[in-house]
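Visitor: I have a model open here and would like to go through it with you. Could we start with the parts to treat with caution, and then move on to the details?

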Amino acid sequence: MSPELMLAGVALLALIAYAVLAGADFGGGVWDAFARGPRRAQQREAIAQAMGPVWEANHVWLIFVIVLLFSGFPRAYAALSVALFAPFHLVLLGIILRGAAFVFRAYSPQSARTLGPGRMGRRWGAVFGAASVITPVLLGMCLGAVSAGHVRVAEGAVRIEGTAPWLTPLAWALGLFALAVCAYLAAVYLANETQGELREDFRRRALAAGTVVVALSVLVLPLLYLEAPHLWEGLLNVRAAPVLALGVLAALLSGWALLVRRLRLARLATVAQVVCLLLGWGVAQYPYLIYPDVTIQNAAATDAVLRFVLWTLPFGLALLLPSLWLLFRVFKGEHLGWRDEGV
């Protein structure tokens, strides 16, 4: 396997890790924004407790992807920075506002009447929820933009064909789909981390979000056929089709497990579903980083740079992975099924 292909594979795995971990954090913010009913305060408290220890650490995977793209594929990094300047900066703003609002709300004075956040806390809560909704939508729109062929790159210059590539019908559909997947992930995770009536609240939300994911899948498929035929054909080829088939089976298993309250199985199946979804996209998109002009091969840095990055990756991961494992082990071990005697 060539160095550029190995590095692209590592970047895809990091993107999947970001989706599985930070995607659930975004989804937690979605359910915080739409908390309703007599237990809405308890729902928000459960979300805050679930996110509190780990939400900042999950963004390390996004930084990891950006560093790999900048170092290993500078031509693609430059083209994306120009073509998607607006949505990328809005994503950055959303992440910053979301984190700041989460912390400011947690330390805002409580209302003497409700023993919940006061007026300022509620305002920060509104910012937190809005940023949690908008940011995954924008990330999904960016994914659609690099897949549809509206970003053209020739002789180092970026040219946009037609409307802004992140505002096409396909991009909007993928943005909403990303939002629904994040909400589904979060609801499944939260159903595992709560008890009693709160668990039932989040289980019902997971079933509702899963239904929306299926409905949006039906919408996305014809748009792929019309706006990104190369991706449509790639999804049906012998490389990607088995991965997507496994993803469909995982989705069915996840839904069934929720219905029968096998929540740990639902969590595993949901993670498998998201992994297969993004892995299938990566395989179908191959060899393009930005269709149709920027490929893994023509965007790659020099062989010396690629090999240097690949040789240094194990040392960085040797520090990163045990640190993340310890963080999750300490704060999330009980909910992930870990016990004192081991995993």
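Visitor: Where does pLDDT stay under 50, and how many contacts beyond four places in sequence does the model have there?

Guide: This is a predicted model, and one such stretch is residues 111–115, where pLDDT stays under 50 and the model has four contacts beyond four places in sequence. Another is residues 339–343, again with pLDDT under 50, for which there are five contacts beyond four places in sequence. Where pLDDT is low, the predicted coordinates should not be read in detail.

Visitor: OK, and what is the mean pLDDT of the protein?

Guide: The mean is 90, and 94% of the residues reach 70 or more. Confidence is lowest in helix α3, residues 55–58, with a mean of 80, and highest in helix α12, residues 263–285, where the mean is 96.

Visitor: Let's talk charges. How many salt bridges are there?

Guide: The count comes to nine salt bridges. In one of them the side chains of R39 and E197 meet, at 3.3 Å from N to O, and this pair links distant parts of the chain, since R39 sits in the loop between α1 (3–33) and α2 (40–51) while E197 belongs to helix α9 (residues 196–227), 158 residues apart.

Visitor: Is E197 buried or exposed?

Guide: E197 is exposed, because its relative accessible area is 53%, and the cut-off for exposed is over 50%. E197 also takes part, together with R39, D201 and R204, in a network of salt bridges.

Visitor: And which residues does E200 pair with?

Guide: E200 meets the side chain of R203 in a salt bridge of 3.2 Å, N to O, and both residues lie in helix α9, three residues apart, or about one turn of the helix. Both R203 and E200 are buried. E200 also forms a salt bridge with R261, with the closest N and O atoms 3.1 Å apart, and that pair links distant parts of the chain, E200 being in helix α9 and R261 in the loop between α11 (241–259) and α12, 61 residues apart.

Visitor: What about the backbone at R261, what is its phi?

Guide: Phi of R261 is near 65°, a positive value in a residue other than glycine. Most residues other than glycine have a negative phi, and most peptide bonds are trans.

Visitor: Why does R261 count as partly exposed?

Guide: R261 counts as partly exposed because its relative accessibility is 47%, and that class lies between the cut-offs of 20% and 50%.

Visitor: Switching to helix packing, how do α1 and α2 sit against each other?

Guide: α1 and α2 pack at an angle of about 165°, with their axes 9 Å apart, which means that α1 is roughly antiparallel to α2, the cut-off for that class being over 145 degrees. Their crossing is left-handed, and the contact is made by D25, G28, G29, W31, D32 and A33 of α1 with R44, I47 and M51 of α2.

Visitor: And how do α8 and α9 cross?

Guide: The axes of helix α8, residues 169–193, and α9 come within 8 Å and cross at roughly 155°, so α8 and α9 are roughly antiparallel to each other. α8 passes α9 in a left-handed crossing.

Visitor: Last one: where is R122?

Guide: R122 is placed in helix α7, residues 119–145, and counts as partly exposed at 49% relative accessibility. R122 and S108 are 14 residues apart in sequence, and the distance between them in space is 9.0 Å, C-alpha to C-alpha.

Technical notes. Residues numbered from 1 in each chain as written. Heavy atoms only, no water. pLDDT = per-residue confidence, 0-100. Helix = DSSP H or I, 4+ residues; strand = E, 2+ residues; numbered from the N terminus. Contact = heavy atoms within 4.5 Å. Buried < 20%, exposed > 50% of the residue type's maximum accessible area, 1.4 Å probe, protein only. Salt bridge = Lys/Arg side-chain N within 4 Å of Asp/Glu carboxyl O. Axes fitted to C-alpha atoms, helices over the stretch in contact; angles between N-to-C directions. Parallel < 35°, antiparallel > 145°, perpendicular 65-115°, else oblique. Left-handed = near helix turned anticlockwise from the far one by under 90°.
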